[in-house]
Amino acid sequence: THTHTHTHGTAKIFEKHPEWQDSYTTKIPVFVACACLGDTLGAIWLTPSESVKQRLQAGSGTSAVAVIKSMYAKGGIKGFYNGLTGLLARDLPYRAMQLPMYEVARDLYTEKYCLGRDIQPYEAMILGASVGMIAAGLTTPFDVVKSRMMVGSASGKGVSVILKEIYTEAGLRGIFNGAQQRVGYLGLNNAIFFNVYEYARGCDFSKMWPDTQ
């Protein structure tokens with residue numbers, strides 16, 4: 001869903017306004033807007049599944065069915081969306097950094113090393129992994145907040161309040177708890193993502209999705 005929204009959305013916009021691709025001041029906002037829209041829509045279905053997963057990992061139930069029944073009994077449908085703000089607080093800044101950083105890094109790299117040729121898959125993997133790891137590291141505090149909100153230990157509290165509590169309890173180490181794991185798996189994730197992204201940006205979307213005409 002995220003990849004489709006990013007690539008399909010940007011393709012439609014740049015098809016109508018090709019001149020917007022010539023400047024970072026117009027290109028970057030398009031990427032950020034499409035990325036944030038994709039993540040916001042994705043959060044509608046991702047939040048409930050993340051909440052169930054987090055509670056299972058925290059030992060709050062013996063099975064997914066048991067956790068789902070417990071969550072519904074305590075909070076109804078709304079109970080499945082505890083942590084939605086935390087998820088958005090983590091994913092929107094991450095995505096807003098990820099795509100613009102990649103575009104800038106890609107342009108700088110291709111200008112210096114890809115004269116007269118397209119960027120190669122392994123190059124996109126290296127660039128994608130690099131920017132993904134940076135963005136992942138910087139947004140780790142919001143991932144910690146999201147986890148607390150979803151397991152119920154910080155239910156009803158705002159993101160800034162939870163961050164202050166974590167810092168008071170454990171300092172910077174607590175705020176960046178799990179950073180190594182997050183940076184590692186999102187580095188690999190982005191290496192794969194930006195290969196798909198480079199492929200998708202070179203596709204003729206009018207043939208793939210006729211409604212773009």
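Visitor: What do the side chains of Arg-117 and Glu-123 meet in?

Guide: Those two side chains meet in a salt bridge, at 2.9 Å from N to O. A salt bridge here is a side-chain nitrogen of Lys or Arg within 4 Å of a carboxyl oxygen of Asp or Glu. Keep in mind that this is a predicted model: local features need pLDDT of at least 70, side-chain atom pairs count only at pLDDT 80 or more, and totals for chains, interfaces and linings use all residues. Residues are numbered from 1 along each chain as its sequence is written, and side-chain values use heavy atoms, leaving out hydrogens and water.

Visitor: Okay. Is Glu-123 buried or exposed?

Guide: Glu-123 counts as buried because its relative accessibility is 2%. The cut-offs are under 20% relative accessible area for buried, over 50% for exposed and in between for partly exposed, using a 1.4 Å probe and protein chains only.

Visitor: Let me zoom out. How many helices and strands are there?

Guide: The protein chain has nine helices and zero strands. From the N terminus on, the elements run α-α-α-α-α-α-α-α-α. Both kinds are DSSP runs numbered from the N terminus: H or I with at least four residues for helices, E with at least two for strands.

Visitor: And how much of the chain counts as buried?

Guide: That would be 42% of the 213 residues.

Visitor: Back to the charges. How many salt bridges does the structure hold?

Guide: Eleven. One of them joins Lys-146 and Glu-50, with the closest N and O atoms 3.0 Å apart. That pair links distant parts of the chain, since Lys-146 is in helix 6 (residues 140-151) and Glu-50 is in helix 2 (residues 24-57), 96 residues apart. Both Lys-146 and Glu-50 are buried.

Visitor: Which residues are linked in the network of salt bridges with Lys-146?

Guide: The network links Lys-146 with Glu-50, Lys-53, Arg-90, Asp-91 and Asp-143.

Visitor: New topic: rings. How many aromatic pairs turn up?

Guide: A search of the whole structure finds six. Phe-193 and Tyr-197 make a stacked pair, because their ring centres are 6.0 Å apart and their planes stand at 20 degrees. Rings of Phe, Tyr and Trp (its six-membered ring) pair if their centres lie within 6.5 Å; planes under 30 degrees apart are stacked, over 60 edge-to-face, and the rest tilted.

Visitor: Where do Phe-193 and Tyr-197 lie?

Guide: Both are in helix 8 (residues 179-201), four residues apart, about one turn of the helix. Phe-193 and Tyr-197 are both buried. Tyr-197 also pairs edge-to-face with Phe-194, at 5.5 Å centre to centre and 85 degrees between the planes. Phe-194 is buried too, as is Tyr-197.

Visitor: Which residue lies over the face of Phe-193?

Guide: Arg-95, at 5.9 Å from the ring centre. Arg-182 likewise lies over the face of Tyr-94, at 5.6 Å from the ring centre. A charge sits over a ring if NZ of Lys or CZ of Arg is within 6 Å of the ring centre and within 35 degrees of the ring normal.

Visitor: Now helix 3. How far does it reach?

Guide: Helix 3 (residues 64-75) has twelve residues and spans 16 Å from first C-alpha to last, close to the 16 Å expected at 1.5 Å a residue. The expected span is 1.5 Å times one less than the number of residues.

Visitor: What follows helix 3?

Guide: Gly-76, with a positive phi near 65 degrees. As for Ala-64, it lies in helix 3. Ala-64 and Val-52 are twelve residues apart in sequence and 6.6 Å apart in space, C-alpha to C-alpha.
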